[in-house]
Amino acid sequence: MRQPAGRAERRGGGSRKPREERWAELFAVATEVFYEKGYEGASLQHIADRLGLLKGSLYYYIHSKEDLLFEVMSEVHRQGLANIVELASRPGDPLQRLRNVVIGHVDHMCSNLTGTTVFLHEMAALPEERQAEILGGEHAYRSVFLDLVQKGKAEGLVRADIDPKLASLSILGSVNWVYRWFRPGGEFTPKQIGEHFADLIVHSLAADGVLPSEKPAKPKRGKETTASES
């Protein structure tokens, strides 16, 4: 986990917990509180109370509630981006790699539902310049999907009428919406959801003759998680 921008460097020798351990605890609790109450409804007092600290102690690590949200968002984005970049770098043609990225992205989101929800639901709470700092000038996340669609089109695997930019926006938008209705507990596992989304996406993009003619299979019901629309 990276060093937060607003965090103090000094620390007395008599602290009860090491600095890094306390920051990790603060980070985890802040993520939970933002998830439960929303950014507007959460306060530094809520976070301090849950940590068993005085509110003033939080300023040892951050300057404001906005700084804390920024640190949470930055870390969620960093972990998610690292996940899809690694998946996209694996062997295979662009459509195979796109399928792997979609499956892995859905699994990562569902496995990190608290942080994912805060990231996708609270981004607008940050000023535009801080949003841009997290997302990158070229929207690094979207660029992974865009690059795979562009490469697939260049190799004749993606239909000629597909616009790569619109396709990447559509893919990321639909996949990211999973966090709104996924709930742990029963009907479909994250992997099943990811595989079904990936099959639908790849079949919608693929040029004639690239894939077998059969349609994507309907996922079997699992026992670990539930996907229910709200």
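Over the ring of which residue does the charged end of Lys 65 sit? The charged end of Lys 65 sits over the ring of Tyr 39, at 4.2 Å from its centre, where the criterion is NZ of Lys or CZ of Arg within 6 Å of the ring centre and within 35 degrees of the ring normal. This is a predicted model, in which local features need pLDDT of at least 70 and side-chain atom pairs count only at pLDDT 80 or more, while totals for chains, interfaces and linings use all residues. Residues are numbered from 1 along each chain as its sequence is written, and side-chain values use heavy atoms, with hydrogens and water left out.

**Charges and rings**
- Arg 130 also lies over a ring face, that of Phe 70, at 4.1 Å from the ring centre.
- There are 4 aromatic pairs, counted for rings of Phe, Tyr and Trp (its six-membered ring) with centres within 6.5 Å, and classed as stacked for planes under 30 degrees apart, edge-to-face over 60 and tilted for the rest.
- The rings of Tyr 60 and Tyr 61 have centres 6.0 Å apart and planes at 70 degrees, so they form an edge-to-face pair.

**Accessibility**
- Tyr 60 counts as partly exposed at 22% relative accessibility, whereas Tyr 61, at 4%, counts as buried; buried means under 20% relative accessible area, exposed over 50% and partly exposed in between, with a 1.4 Å probe and protein chains only.
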